[in-house]
Amino acid sequence: MFYRENGQFKTSYKADQQAFAIPQDRWAIVAIVVFAFIGVPLLVDEYMFRAILVPFLILTLAALGVNILVGYCGQITLGAGASMAVGAYAAYNFMVRIDGMPALAAILLGGLMAAAAGIVFGIPSLRVRGLYLAVATLASQFFWDWAFLRIKWFTNNSSSGSVSVADINLFGWTINSPTDKYLFCLGVLVVFSVMAKNLLRGNMGRQWMAIRDMDVAATVIGIRPMYAKLTAFAVSSFYLGVAGALWGFVNLGSWEPAAFSIDRSLQLLFMVIIGGLGAISGSFFGAAFIVILPIFLNQTLPLVGSLLGLDVSIALVSHVEFIIFGSLIVFFLIVEPHGIARLWATGREKLRLWPFPH
Amino acid sequence: MAFFLETLLGGLMSGMLYSLVALGFVLIFKASGVFNFAQGAMVLFAALAMARFSEWIPGWLGMDNLFLANVLAFAVAVVVMFVVAWLIERLALRYLVNQEGATLLMATLGIAYVLDGVGQTIFGSDIYKIDVGMPKEPVMMLESVFEGGILINKEDFIAALIAALLVISLSIFFQKTATGRALRAVADDHQAAQSIGIPLDRIWVIVWCVAGITALVAGIIWGSKLGVQFSLSTIALRALPVVILGGLTSVPGAIIGGLIIGVGEKLSEVYLGPYVGGGIEIWFAYMLALVFLLFRPQGLFGEKIIDRV
């Protein structure tokens with residue numbers, strides 16, 4: 001009833017090809033963005049910003065990057081955390097080594113460095129694919145883990161091995177309160193999401209999808225696999241690099257290589273698979289699920305334990321968290337292997353007909 | 001020269017252990033097309049079960065015989081791994097038939113989380129030791145050939161022997177028994193195997209069970225060397241280059257790949273490591289595997305990849 005496109009006639013190619021062709025979608029997106037910028041800061045307390053919203057935004061950005069590569073170009077990667085690390089450490093080095101470097105520029109340059117590294121470690125994708133490629137991308141994960149731990153130059157010879165940056169100053173706006181951080185990350189995420197949306201329905205995105213669906217067939221219709229695969233690696237790593245720089249600069253402030261370990265890569269892959277491969281909204285759903293679930297479990301398990309009259313130790317809570325997290329993931333994969341985005345799409349189809357049966 | 005040989009032998013021995021873990025991957029991938037990321041968690045789980053039962057059983061039965069306790073603990077651990085295999089098939093895998101590789105990979109990651117959690121809840125999360133009476137003292141060999149001879153760790157040597165024995169018995173099991181034939185048939189073609197009456201679900205339980213037992217043996221060997229602790233589950237990551245080097249579908253590939261990776265790791269760490277700051281063995285194995293992959297994308301012994309549109 002509310003979500004029907006009957007009677008909406010498109011009279012120009014422009015109207016037919018816009019990003020959100022249905023006005024309800026368009027207005028809903030605008031409303032959500034406006035609410036996120038204006039409504040949320042009024043409603044939410046600091047803890048929410050720090051523990052949930054800022055990590056959620058940054059990891060969504062990273063999940064977008066992974067989704068571009070895995071969901072749209074079909075190249076499974078387990079090296080996403082490494083790309084984030086390259087972005088973070090490159091941005092750090094730009095900040096430290098060049099006087100008066102604007103933080104935003106450093107973050108973007110970090111992203112570019114990550115893109116360059118991504119291209120190099122994407123080269124195996126030209127020869128191998130599928131699970132072999134997944135394992136091959138682990139090479140980049142372990143290589144960069146090692147490099148940032150052992151090569152002192154990257155950490156500016158810091159003795160503890162951890163690096164830290166001052167608050168970001170953006171054209172005179174110092175980002176230090178949780179609300180500022182939230183707004184900054186939200187701004188970056190909105191810009192990058194719009195970019196991704198447009199990239200994916202353009203020439204490049206179509207090439208990626210052709211490669212994903214059947215790379216031999218794509219070659220036959222004149223798509224260069226090398227160009228398509230490497231651009232996918234580059235763009236995806238750029239997103240991941242920017243996300244990594246934000247994670248270091250905004251969320252953590254000071255960090256060690258362990259912040260971008262293999263667990264991070266797996267977590268990002270979880271996000272896109274649970275959220276939905278090949279759907280931008282999937283990155284948002286997946287990131288929300290993966291960020292909120294552990295916090296939720298952490299908060300509720302001791303409560304449940306005390307209700308049952310059990311003495312729940314911290315170690316037990318973390319183990320039970322593991323168990324529930326793992327079984328929920330298996331459960332989700334069994335129930336909806338195409339992710340939450342598919343659930344949402346099905347719901348939307350239902351909504352179009354509602355309240356009529358046909 | 002003696003030093004080189006020593007390094008080489010050390011590499012071969014640790015390579016044998018990698019093969020053991022890699023074998024678990026290959027068995028499951030061949031039979032069910034699942035890339036089992038939970039193999040590491042299974043190693044940890046099995047080792048924890050072994051370590052704790054060998055501690056508990058003497059208390060329960062009131063006996064004081066180390067050998068008997070270990071045998072009993074091993075038997076119980078085998079049963080535990082069988083139950084785990086059965087549960088995994090029953091609760092997860094059977095619903096995930098015909099899903100994409102990436103989805104299955106993620107599902108096994110979920111299983112790995114569950115196994116880690118359950119294992120540590122039941123068996124505790126401290127560092128435990130497994131004492132199966134492995135000799136610890138090193139021996140000198142070939143003293144007549146080289147001056148000073150070469151030093152070999154007896155423990156490593158026995159571990160490599162056990163691993164080799166297990167590999168041989170597994171190959172006999174696969175080649176000579178009816179179940180082994182059924183397993184190979186399933187690996188070849190699920191539908192064809194099903195159509196001649198091979199029960200898929202039972203085969204999967206058997207495969208996971210066999211993988212569980214290799215995990216148990218690997219867990220015991222590594223556990224008695226390093227102690228049973230959470231980091232044991234990361235040895236699966238060390239064995240991954242072995243799998244892609246040897247080919248995901250090849251048992252001999254897993255063995256030879258393991259040896260190559262083991263030797264490559266040790267030699268690189270000893271001869272290359274000092275120039276770049278050490279600790280390179282973790283990624284060097286991957287790089288080695290990558291270079292191989294560039295020339296043979298299907299791995300050393302994998303089936304040739306043929307693309308059709």
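The radius of gyration is taken over C-alpha atoms, and the globule rule is 2.2 Å times the number of residues to the power 0.38. The structure discussed here is a predicted model.

Q: What radius of gyration does chain B have, and what would a compact globule of 309 residues have?
A: The C-alpha atoms of chain B fill a box of roughly 65 × 60 × 40 Å along the principal axes. For 309 residues, a compact globule would have a radius of gyration near 19 Å. The value for chain B agrees with this, at 20 Å.

Q: What radius of gyration does chain A have?
A: Chain A has 14 helices and 4 strands. The globule rule gives 21 Å for its 358 residues, and chain A comes close to that, so it is as compact as a globular protein of that length. Its C-alpha trace spans about 65 × 65 × 45 Å along the principal axes. The radius of gyration of chain A is 21 Å.

Q: Of the residues of chain A, what percentage count as buried?
A: In chain A, residues 24 or more positions apart account for 75% of the contacts with a separation of 6 or more. Of its 358 residues, the share that counts as buried is 45%.

Q: What pattern does chain B follow along the sequence?
A: Chain B has 12 helices and 2 strands. Of its 309 residues, 49% count as buried. Read along the sequence, the pattern is α-α-α-α-β-β-α-α-α-α-α-α-α-α.

Q: How many of the residues of helix 9 of chain B are buried?
A: Helix 9 of chain B covers residues 235-246 and reaches 17 Å from its first C-alpha to its last, close to the 16 Å expected at 1.5 Å a residue. Its buried residues include Ile235(B), Arg238(B), Pro241(B) and Gly246(B). The helix is mostly covered, and the count of buried residues is 12 of 12.

Q: Which helix of chain A is included in what covers the buried residues of helix 9 of chain B?
A: The cover includes elements of chain B, among them helix 1 (2-32), helix 2 (39-61) and helix 8 (200-226). Helix 10 (251-271) and helix 12 (281-295) of chain B are also included. From chain A, the cover includes helix 6 (131-150).

Q: Which residue just after helix 9 of chain B takes a positive phi?
A: Helix 9 of chain B runs over residues 235-246. Just after this helix, a positive phi of about 100° is taken by Gly247(B).

Q: Which helix supplies the largest share of the side of chain A that touches chain B?
A: The contact takes 38 residues from chain A and 38 residues from chain B. On the side of chain A, helix 6, helix 9 (215-220), helix 11 (262-275) and helix 13 (314-335) each supply at least two residues. The largest share, 13 residues, comes from helix 13 of chain A.

Q: How do the residues of the side of chain A that touches chain B divide into nonpolar, polar and charged?
A: The contact takes 38 residues from chain A. These divide into 32 nonpolar, 4 polar and 2 charged.

Q: Are helix 2 and helix 7 of chain A roughly parallel or roughly antiparallel to each other?
A: Helix 2 (residues 23-43) and helix 7 (residues 178-200) of chain A pack with their axes 11 Å apart, at an angle of about 180°. Angles over 145 degrees count as roughly antiparallel. Helix 2 and helix 7 of chain A are therefore roughly antiparallel.

Q: Which residues of helix 7 of chain A make the contact with helix 2 of chain A?
A: The residues of this contact divide into 8 nonpolar, 1 polar and no charged. Helix 2 of chain A contributes Val33(A), Ala36(A), Phe37(A) and Pro41(A). Helix 7 of chain A contributes Thr179(A), Tyr182(A), Leu183(A), Leu186(A) and Val190(A).

Q: Is Gly278(A) buried or exposed?
A: Gly278(A) is found in the loop between helix 11 and helix 12 (280-307) of chain A. Leaving aside neighbours within four places in sequence, Gly278(A) is in contact with Gly71(A) and Tyr72(A). A residue is buried if 20 or more other C-beta atoms lie within 10 Å of its own. Gly278(A) has 21 such atoms, so it is buried.

Q: Why does Leu133(A) count as buried?
A: Leu133(A) is found in helix 6 of chain A. Not counting residues up to four places away in sequence, Leu133(A) touches Gln75(A), Ile76(A), Pro124(A), Ser125(A) and Val128(A). Leu133(A) counts as buried because its C-beta neighbours inside 10 Å number 24.

Methods. Residues numbered from 1 in each chain as written. Chains lettered and ligands numbered in written order. Predicted model: local features only at pLDDT ≥ 70, side-chain atom pairs only at ≥ 80, totals over all residues. Expected span 1.5 Å × (residues − 1). Contact = placed C-beta atoms within 7 Å. Axes fitted to C-alpha atoms, helices over the stretch in contact; angles between N-to-C directions. Parallel < 35°, antiparallel > 145°, perpendicular 65-115°, else oblique. Nonpolar A, V, L, I, M, F, W, Y, C, P; charged D, E, K, R; others polar.
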